[in-house]
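Let's take a walk through this one, from the strands to the side chains. Have the viewer open while you read.

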Amino acid sequence: MYYVKALKGDLTELANCIQGAFAIAAASGNGGETFARVVKKSNETISSDTTLSDDSELVVALSADKTYGFILTFFFKSEAATDIKMTFTAPTGATGDFNTVRNIAAGHPVNNKTFTTTVAFDGTGGDSWAFVFGRVVMDSTAGNLALQWAQNTSGGTNTTVNSGSTLVVWEETA
C-alpha cells in the first residue's frame with residue numbers, strides 16, 4: 001500500500017518533489033529499479049462522450065512478469081454538469097489498484113480502486129487536478145499501462161486533460 005504525506009503548496013510543487021526524488025533515485029541506481037516518465041505535451045479535449053478511451057499520450061509499455069508502481073499527476077478541466085471519470089487499463093492477466101487525492105473543498109478523498117472500476121471527479125468549470133498512485137502486477141503478457149478517461153455525464157461542453165499531466169512508472173524490485 002502507498003501512502004501520501006500532506007504537503008503545503010500546490011500540486012505542481014508536489015509533482016516536482018516526486019519527480020526530483022525519482023531522478024535522484026535513478027541516478028544513484030537505487031537497487032537497479034527502472035523508471036519511465038511521460039509528460040503530456042498537448043491538451044486533449046472531448047465533448048458529448050462518456051466512453052472511456054486511452055489518453056493519447058499517458059501510456060507506458062510494461063514488461064511481462066514484473067511489478068510496477070506508478071504516480072499520475074492529472075491536470076484537467078471539466079464543467080460541473082459533465083464531470084470527468086478515469087481509470088487505467090493494463091494487459092490481460094495483469095492486476096492493479098490505485099488511489100486518488102483530489103483538490104476539492106470538502107477534503108482530499110482517497111479511494112482504493114481496481115482497474116475494473118472508475119473514479120469520477122467533480123468538474124468546476126476551471127482547472128483542477130488529481131494525484132493518483134498505484135501498483136500493477138503483470139502476468140505473462142507484456143503491454144501498456146494506459147490512463148483512460150471520459151466525461152462522466154454527456155454534455156456539449158468540453159472536458160480536457162491538460163498538458164503537463166505526468167505519468168511516472170517504476171519497476172519494483174525485491
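## Strands β5 and β8

Let's start with a strand pair: β5 (residues 84-89) and β8 run antiparallel and are joined by three bridges. Within that pairing, Met86 has Val119 of β8 as its bridge partner. On terms, strands are DSSP runs (E, at least two residues) numbered from the N terminus, and two strands pair if DSSP finds at least two bridges between them.

A word on the ground rules: this is a predicted model, so local features need pLDDT of at least 70 and side-chain atom pairs count only at pLDDT 80 or more, while totals for chains, interfaces and linings use all residues. Residues are numbered from 1 along each chain as its sequence is written, and side-chain values use heavy atoms, with hydrogens and water left out.

## The four-stranded sheet

That pair belongs to an open sheet of four strands, ordered β3-β10-β5-β8 with antiparallel pairing. What is left at the edges? Strands β3 (53-62) and β8 (119-121) stand there with a single partner strand each, so one side of each has no neighbour in the sheet.

Neighbouring strands of this sheet are turned by 20° against each other on average, direction ignored. The angle is taken between axes, which are lines fitted to C-alpha atoms, and angles run from 0 to 180 degrees between N-to-C directions.

## Aromatic pairs

How many aromatic pairs are there? The count comes to nine. The rule is that rings of Phe, Tyr and Trp (its six-membered ring) pair if their centres lie within 6.5 Å; planes under 30 degrees apart count as stacked, over 60 as edge-to-face and the rest as tilted. One of the pairs is Phe74 with Phe121: the ring centres are 6.3 Å apart and the planes sit at 50°, so this pair is tilted. It links distant parts of the chain, with Phe74 in strand β4 (residues 67-77) and Phe121 in strand β8, 47 residues apart. Phe74 is buried, with a relative accessible area of 0%, and Phe121 is buried too, at 4%. Buried here means under 20% relative accessible area, exposed means over 50%, and partly exposed is in between (1.4 Å probe, protein chains only).

Next come Phe98 and Phe115, with ring centres 6.3 Å apart and planes at 35°, so that pair is tilted. Phe98 lies in strand β6 (residues 95-102) and Phe115 in the loop between β7 (113-114) and β8, so the pair ties together parts that are 17 residues apart in sequence. Both Phe98 and Phe115 are buried. They also belong to one aromatic cluster, together with Phe70 and Phe88.

Most residues other than glycine have a negative phi. Which way does phi go at Ser48, positive or negative? Ser48 has a positive phi of about 50°, although it is not a glycine. You'll find Ser48 in the loop between β2 (44-47) and β3, where it counts as partly exposed at 46% relative accessibility.

Asp83 is another non-glycine with a positive phi, about 55° in this case. Asp83 lies in the loop between β4 and β5 and, at 14% relative accessibility, counts as buried.

## Salt bridges

Search the whole structure and you get five salt bridges, each being a side-chain nitrogen of Lys or Arg within 4 Å of a carboxyl oxygen of Asp or Glu. Lys40 takes part with Glu44, the closest N and O atoms being 2.8 Å apart. Glu44 counts as buried at 18% relative accessibility, and Lys40 counts as buried at 1%. Lys40 also meets Glu57 in a salt bridge (3.5 Å, N to O). Glu57 lies in strand β3 and Lys40 in the loop between β1 (35-39) and β2, so this contact ties together parts that are 17 residues apart in sequence.

Lys66 and Glu171 form a salt bridge as well (3.4 Å, N to O). With Lys66 in the loop between β3 and β4 and Glu171 in strand β12 (residues 166-171), the pair ties together parts that are 105 residues apart in sequence. Lys66 counts as partly exposed at 30% relative accessibility, whereas Glu171 counts as buried at 16%. As for Lys40, Glu44, Asp55 and Glu57, salt bridges that share partners join them into one network.
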